Amino acid sequence: EYGMDPVITLYKYDEPVSLLEQHGGWRNRAMIDEFVEFARVCFSEYKDYVNKWMTFNEINIIMPMDGQKTERNQRNLIYLHNQLVAAARATIVAHEIDPNLKVGCMLCTNMAYPLTPDPLDAMERYRKFQDFFCYSADTQMRGYYPPFAKRIWEEYGVTPEITKQDKEDLMNGKSDFIGFSYYSSGIVTTHKVDDDNHTGGNILGTVKNPYLKANAWGWQIDPVGFRHMMHLINDRYNAPMFDVENGIGLIEKEGEDGICHDPARIEYHREHIKEMKKAVEEGVNLFGYTTWGCIDLVSAGTGQMDKKYGFIYVDMDDEGNGDLHRSRKDSFYWYKKVIASNGEDLD
């Protein structure tokens, strides 16, 4: 009725408690069949209304990055393998139900720069991109684990159970498009850095970048990094791309007029959309952009309500003060105008 083209995510860090109790979660390959049947129902019921789906939100978020042979890290790599197989099999099912259905993957990005010209810093930067992003993205977009996966398995002392059927499913269930999230950028180095030169970041802390501003939690605001990351993804996979999450956590309050005036949020999105437009003009195959998020909500990273993310203000703070009433921020009206103009009117 409103001309919306929905893109539905099947899984975002949760599953029914009953399946957790029955199977023990994603360590059990039985979860693959459970997920595929769930996906089958969704595809069958809504195929006439939804033609674009995503399997797992930020599937790489559990990827270990500290190099430690801990039980948790080993377990997470097993979880991740089972989810990658489940996503591939669900994609195969979607294409069987309707060849016109498009099923994408979705990953968290980690735009980073080397701190120094030291070749070891450059190598460390590339290795983190491989491990955190490409390990999962290559498997879903190319249909097989990348060669460096062997190094990762050896580093963490684990070998996922990869059956012949798994390999066939990964190849036959490649994603039709690649979704991603982008919030900020960081710096990597092999050199020792003073503690006061560190700052917060999305998932992990990072070294401060003197060329960038940051929010109250230390997330470094980097619109150019957004364009940089889009080029990295576009060049590697040559597939349709969808920016699923782009946003910033800010401390915001309603003014005496009852309106939350949030120029910093408008500025953040304005500059990122400008860089997105440049990326498209430079050849990036991007078909969609959505923000995180529409409405203020509990931050997944810090568990806070003081950390506001939306275009709609929610009256609640970290201490539970507030009546939960909602009101439209200045950014609500600004973004409405941006959408109506397809990103052309950013004033």
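This is a predicted model: local features need pLDDT of at least 70, side-chain atom pairs count only at pLDDT 80 or more; totals for chains, interfaces and linings use all residues.
**Entry 1: the whole chain**

I began by counting secondary-structure elements, and the chain has nine helices and 14 strands.

Next I checked how compact the chain is. Its radius of gyration is 21 Å, close to the 20 Å that the globule rule gives for 347 residues, so the chain is as compact as a globular protein of that length. Along the principal axes, I found that the C-alpha trace spans about 65 × 55 × 45 Å.

I then looked at burial: 50% of the 347 residues count as buried.

**Entry 2: a helix pair**

Two packed helices are described by the angle between their axes and the distance between the axes, so I looked up both for one pair. Helix 4 covers residues 119-142 and helix 5 covers residues 149-156. Their axes come within 11 Å and cross at roughly 100°. Angles of 65 to 115 degrees count as roughly perpendicular, which means helix 4 is roughly perpendicular to helix 5.

Which residues make the contact? From helix 4 I noted Arg127, Gln130, Asp131 and Tyr135. Helix 5 brings Ala149, Arg151, Ile152, Trp153 and Glu155. Sorted by class, this contact of helix 4 with helix 5 has four nonpolar, one polar and four charged residues.

Key. Residues are numbered from 1 along each chain as its sequence is written. Side-chain values use heavy atoms; hydrogens and water are left out. Axes are lines fitted to C-alpha atoms, for helices over the stretch in contact, and angles run from 0 to 180 degrees between N-to-C directions. Helices (H or I, at least four residues) and strands (E, at least two) are DSSP runs, numbered from the N terminus. Angles under 35 degrees count as roughly parallel, over 145 as roughly antiparallel, 65 to 115 as roughly perpendicular and the rest as oblique. Contact means heavy atoms within 4.5 Å. Ala, Val, Leu, Ile, Met, Phe, Trp, Tyr, Cys and Pro count as nonpolar, Asp, Glu, Lys and Arg as charged, and the others, Gly among them, as polar. The radius of gyration is taken over C-alpha atoms; the globule rule is 2.2 Å times the number of residues to the power 0.38. Buried means under 20% relative accessible area, exposed over 50%, partly exposed in between (1.4 Å probe, protein chains only).
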